[in-house]
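Hi everyone, thanks for coming. Please have a look at the structure on the screen, and then we'll walk through it together.

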Amino acid sequence: MSDPLHVHFEDLEVGQVVPLGAIAVDEAGLEIFAERFAPGWDVAYGAPDALVYALWSKLDAQASADWPQTKRVATDALRFPRNPPPGELLRAGVTVL
């Protein structure tokens with residue numbers, strides 16, 4: 001299957017959803033992240049918001065590395081309903097607006 005966003009601008013459709021893949025919250029990584037970047041965060045609450053954003057950013061960067069773009073206009077409405085615990089599998093996608 002070809003990359004869904006390896007197209008010309010005029011081929012994009014509003015509402016098109018492009019999967020970015022999945023990544024698991026690593027327990028050791030969570031503990032190190034919390035210690036260094038979220039002091040005082042209790043890892044029993046799951047991954048802090050900043051780590052969830054970092055994991056999403058990693059998926060986005062890996063998935064979009066070969067997309068024909070010069071820049072992205074914005075990232076808007078990044079949503080997750082809770083702080084995922086260690087071992088949780090996160091799936092990400094981008095919706096064309």
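Let's start with how much is hidden: buried residues make up 27% of the 97 residues in the protein chain. Buried means under 20% relative accessible area, exposed over 50%, and partly exposed in between, with a 1.4 Å probe and protein chains only.

A word on where this comes from: this is a predicted model, where local features need pLDDT of at least 70 and side-chain atom pairs count only at pLDDT 80 or more, while totals for chains, interfaces and linings use all residues. Residues are numbered from 1 along each chain as its sequence is written, and side-chain values use heavy atoms, leaving out hydrogens and water.

Now the layout. The protein chain has two helices and two strands, in the order β-α-α-β along the sequence. Helices (H or I, at least four residues) and strands (E, at least two) are DSSP runs, numbered from the N terminus.

Which residues of helix α1 are buried? In α1, residues 27–37, they are L30, F33 and A34. Seen down the axis of α1, these buried residues fall within an arc of 95°, so they line one face of the helix; the arc is that of the directions from the helix axis to the C-beta atoms. Here is the general idea: an α-helix has 3.6 residues a turn, so residues three or four places apart point the same way. On the other side of α1, E35 and R36 are exposed.

Finally, F80 sits in the loop between α2 and β2 (89–95). At 30% relative accessibility, F80 counts as partly exposed.
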